[in-house]
Amino acid sequence: LREPKPEIGDLRPPVWLKGSARKEWKRITAVMPRGVITLADLVPLALYCSLAGEFIDLEKNGQQMRVTRIAELRYIASDFGLTPSARTRLVVPQKLNDNDANEEERYFGT
């Protein structure tokens, strides 16, 4: 594939992300395959986490999120492959043995 390959870097949550949104950031970055989320995705990922955190907090308080906000959450989740059907569209490099691959191959699968 010839798409740009942004730097992966350190995916720590932004300092302004708090509460349930911050927990969602940590959860999702721990389970996503390396290379799917890059430094270029920090703001869209933070937006996803903010919406997910809002959903979680509302549900904990017995409230419901507005339908338009749920649609936004689902749209962004789909962009990151966070739904079963969206995952089928992701292309993730195969895991390589660190001893057999150079730095670029390990992170970008090239």
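Analyst: Happy to; below we take the labels one at a time, bearing in mind that this is a predicted model.

User: Good. What makes up the secondary structure of the protein chain?

Analyst: The protein chain has five helices and zero strands, and along the sequence the pattern reads α-α-α-α-α.

User: Why is Thr38 called buried?

Analyst: The cut-off for buried is under 20% relative accessible area. Thr38 has 5%, so the label buried applies. Thr38 sits in the loop between helix 1 (19-31) and helix 2 (42-60). Beyond its neighbours within four places in sequence, Thr38 contacts Pro6, Glu7, Ile8 and Leu11.

User: And how much of the protein chain counts as buried?

Analyst: Of its 110 residues, 29%. As for the surface, the protein chain exposes about 7900 Å², with carbon and sulfur atoms supplying 53% of that.

User: Let's turn to helix 3. How do you know what span to expect for helix 3?

Analyst: The expected span is 1.5 Å times one less than the number of residues. Helix 3 (residues 67-79) has 13 residues, for which 18 Å is expected; from first C-alpha to last it reaches 19 Å, close to that value. After helix 3 comes Gly81, with a positive phi near 75 degrees.

User: Which residues of helix 3 are buried, and what makes you say that they line one face?

Analyst: Leu73, Ile76 and Ala77 are the buried ones. Seen down the axis of helix 3, the buried residues fall within an arc of 105 degrees, so they line one face of the helix.

User: What makes a group of residues a nonpolar core, and how many residues are in the largest one?

Analyst: Its members are buried nonpolar residues, of types that include Leu, Ile, Tyr and Cys, joined through side-chain atoms within 4.5 Å. The largest such core has 19 residues, and Ile37, Leu45, Tyr48, Cys49 and Leu82 have the most contacts inside it. Helix 1, helix 2 and helix 3 each supply at least two residues of this core, and the largest share, six residues, comes from helix 2.

User: Which residues does Tyr48 touch?

Analyst: Leaving out residues up to four places away in sequence, Tyr48 touches Glu24, Arg27, Leu73, Ile76, Ala77 and Leu82.

Notes: Residues numbered from 1 in each chain as written. Predicted model: local features only at pLDDT ≥ 70, side-chain atom pairs only at ≥ 80, totals over all residues. Heavy atoms only, no water. Helix = DSSP H or I, 4+ residues; strand = E, 2+ residues; numbered from the N terminus. Buried < 20%, exposed > 50% of the residue type's maximum accessible area, 1.4 Å probe, protein only. Contact = heavy atoms within 4.5 Å. Arc of directions from axis to C-beta. Areas by Shrake-Rupley, 256 points an atom, 1.4 Å probe, with all protein chains shown as cover.
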